[in-house]
Amino acid sequence: MAVLTAVLSDTQRRTLQAVCDTVVPAVPAADGDSDVMRDYLGRAASDFAISEQIEGLMAQAMPPEQLQGFAELLDGLAQHDFANLPLEVRTQILHDVAASSHEARLGVMALRNLTFLFFYGLVDEQARNPNWEAIRYPGPISAPPSPEEAPKTITVLAVEGDEQTVTADVCVVGSGAGGGVIAAELQKAGKSVLVLEMGGYRNEADFKQLELPGLLELYLGGGLIGSEDGSISIFAGSTLGGGTVVNYMNCLRTPERVRREWAEHGIDGIDQPGYDRHIDAVMQRISATDEATTQNRQHKKMIKALDEVGFAHRAIVRNVDPSCDDPRVCGYCFAGCQKGCKQSTLKTFLQDASDAGAAVVVGCHADRILLADGRATGVEATVTRSDGSQTKLTVDAPTVVVACGSIESPALLLRSGIGGPAVGKHLRLHPASIVTGIYEEPIEAWIGQIQSEVSDHFAGCEGEFGFLIESVGAMPAVHAAGIPWRDGEHHKRELARMFAHHAPFLSVARDHGEGEVVLDPHGQPVVRWSLSDEADRRLLVQANVELAKLHYAIGAPEIRTLHAEELVWYRDSDEPFEEFVTRIEQAPYGPAEITIFTAHQMGSCRMGRDPADSVADGRGALHDVEGVWIGDASAFPTAPGVNPMVSIMSLAHRTAGEIILSRSS
Ligand SMILES: Cc1cc2nc3c(=O)[nH]c(=O)nc-3n(C[C@H](O)[C@H](O)[C@H](O)COP(=O)(O)OP(=O)(O)OC[C@H]3O[C@@H](n4cnc5c(N)ncnc54)[C@H](O)[C@@H]3O)c2cc1C
């Protein structure tokens, strides 16, 4: 997987190995443990050379300041002669160091989660990991089709040499939900479109149903990024097709009340029936249907619980080709759909764009937008090939569409010095939280459609704000990171006991507060977000309580939140459930105290009337520079409160029309 490049001293390297072997140590089995359990307990992180993998990742992807932080953490541990201490002492030291400062806590957590990522994610030539048997995870259940069976059909422009210049009418930066739609609509309208995509071109033939390569190859920052203070983990797609390739296909129309709110922000007509044509066009092209929606075990549990307490719910509409939809493999679609039934932009709008004559450049990072006399003249980008060689690409284009997702779009504008004072502000994240029930019967939450039911019972529980109730699938390393780490043996045993039996219930909140994207000294985005807004905090606490009550209503023997300090209730304990609810209400919800995550980033280059408070006007065009348009979720004036793909695509569909109408395009 990661190639080892030395960035640590020998002592730091030895200490890192000892940290990994403390997080996942080899420990003796007890009487009564099965042979499978004995082997699992007997494996340490060093049996998988995990510290080398982590050092490889550090060398490849970590900015110098972050690397320096880890080096200091390891130096501090080395002062205790950490590598030569017994396991129990090392375990206690890791707890003490994590308690010593917020930075140390984040550092220890990051090393712990990376160790889990490799221990449960690395595979051999047969795509197997020996630890899966003990946690009863089958791993991939089918091989990808061959490249001949699943050919790549989107036209990719080959870029060669040290420098190259290409000309187009429109340069679309980012190929996800928004970028794909705009590329198709403009190319079909007769413009020549060039799409720049930072990720690679991967399709069914590359989708291995594996967590580790899935995250590293298809997600922004390898799925390992979060807000600066560790308050929230960030998941976004980064591959040709963007988030639409890895997402859960939940197609929800923009709610009427949100359309009214966005009209007040200056998106004229979005609250009128005429706007429905944009939503309808998108829903039709991505084949949104509930025809193929089926329920797996965790969703059946959720439905039973919602019925039990009397909350309305409905099957979701998914963007799927029902003729090839195969629920057996849908649980792996966080790493791409091997069957090709997911109607991502790869299968729809990007393909349309390509068929009409557009081209894409992959592995292509847009560095900045080029300007002359207050208007766009193109994009300067860097293309990086798999051998590490690079080309400086200049795209001469009078129209530039910024659609890099809500973390990277503001970064591109900030690097270019355009967009005005609101660039990066008003970031919305739909903070999400999980409460799991551990059931006696196997749930095997990796089987079946990854998302298939939704309840909006609490969508308006705080006035215009609230949360949706949904469910998700399961991945071993991500799940391992959510189990409180007391010591290495306890963690292994808990994962083995729970993984196949847990049903995750999910809350997705409409955020009232907001975060911000700023640039680090290297021009890369830094996300500032914390649970500082009182309404958002109340929603998160209430969501944890309500999800726990759902598990309780259907008799879950054990209920767990994702707090770092274990927060669990056992039905066979003496504790009344009401006391557990009180413990949830009184628990800490600060950075690194509970796992909160976002798969929906929005609003950081928002549309609006006021240039002081928004980046683009009501058409999607930048207030301060001609020829630059915002085409992705970052254009949202506020959070929609529903899974956003359809809202992004339909707003992009409208923006494409505005670009065609504009005199300057
Ligand atoms: C795991 C997961 C599950 C989800 N499930 C659902 C769901 O069920 N329903 C739903 O509605 N939504 C879902 N979403 C959210 C949805 O997929 C995203 O909100 C949506 O894809 C965002 O669209 P976008 O156009 O803003 O950006 P993206 O789709 O993220 O596309 C941005 C693209 O720009 C590229 N890029 C970034 N920077 C640069 C640069 N400088 N140069 C060139 N290229 C760049 C990125 O690599 C990326 O491919 C999910 C998201 C995730 C991660």
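Which strands form the open sheet, and in what order? Five of them: β9-β3-β2-β13-β23, with parallel pairing. Before going on, some ground rules. This is a predicted model, where local features need pLDDT of at least 70, side-chain atom pairs count only at pLDDT 80 or more, and totals for chains, interfaces and linings use all residues. Residues are numbered from 1 along each chain as its sequence is written, and side-chain values use heavy atoms, with hydrogens and water left out.

Some terms. Strands (E, at least two residues) and helices (H or I, at least four) are DSSP runs, numbered from the N terminus. Two strands pair if DSSP finds at least two bridges between them.

β9 (359–361) and β23 (628–630) stand at its edges. Each has a single partner strand, so one side of each lacks a neighbour in the sheet. From one strand to the next, the twist averages 20 degrees. Angles run from 0 to 180 degrees between N-to-C directions, with axes as lines fitted to C-alpha atoms, for helices over the stretch in contact.

Now β13, residues 399–402. Three bridges join β13 to β23, and the two run parallel. V402 stands opposite I630 in β23. Two helices come in here. Helix α16 (405–416) lies across β2 (170–173), β13 and β23, at about 140 degrees to β13. Helix α21 (645–661) packs on the sheet too, touching β13 and β23. The direction of α21 makes about 160 degrees with that of β23. Contact here means heavy atoms within 4.5 Å.

Next, the packing. A nonpolar core is a set of buried Ala, Val, Leu, Ile, Met, Phe, Trp, Tyr and Cys residues joined through side-chain atoms within 4.5 Å. Buried is under 20% relative accessible area, exposed is over 50%, and partly exposed is in between (1.4 Å probe, protein chains only). The largest core has 208 residues, and L196, L393 and L413 touch the most other members. Why does this core lie between domain 1 and domain 2? Because domain 1 (10–122) and domain 2 (432–510 + 532–595) both give residues to it. Those bounds come from an automatic or database domain assignment.

Look at L413. Leaving out residues up to four places away in sequence, its contacts include V402, V628 and I630. I369 and C605 are also among them. A second, separate core has six residues, including L252, I316, V454 and L468.

Over to β17, residues 502–509. Eight of its eight residues are buried. H502, P504, L506 and V508 point one way. A503, F505, S507 and A509 point the other way. In a regular strand, side chains alternate between the two faces of the sheet. β14 (432–438) pairs with β17 in the antiparallel sense over seven bridges. There, A432 has V508 as its bridge partner. β16 (467–471) also runs antiparallel to β17, joined by five bridges. I469 stands opposite S507.

Cysteines, quickly. A search of the whole structure finds zero disulfides (pairs of cysteine sulfur atoms within 2.5 Å). For C333, the nearest cysteine sulfur is that of C330, 6.1 Å away. C333 is buried at 3% relative accessibility. C20 is buried as well, at 1%.

Last stop: D47. Is D47 buried or exposed? Exposed, with a relative accessible area of 51%. D47 lies in the loop between α2 (35–41) and α3 (50–61). D47 and T377 are 330 residues apart in sequence and 54 Å apart in space, C-alpha to C-alpha.
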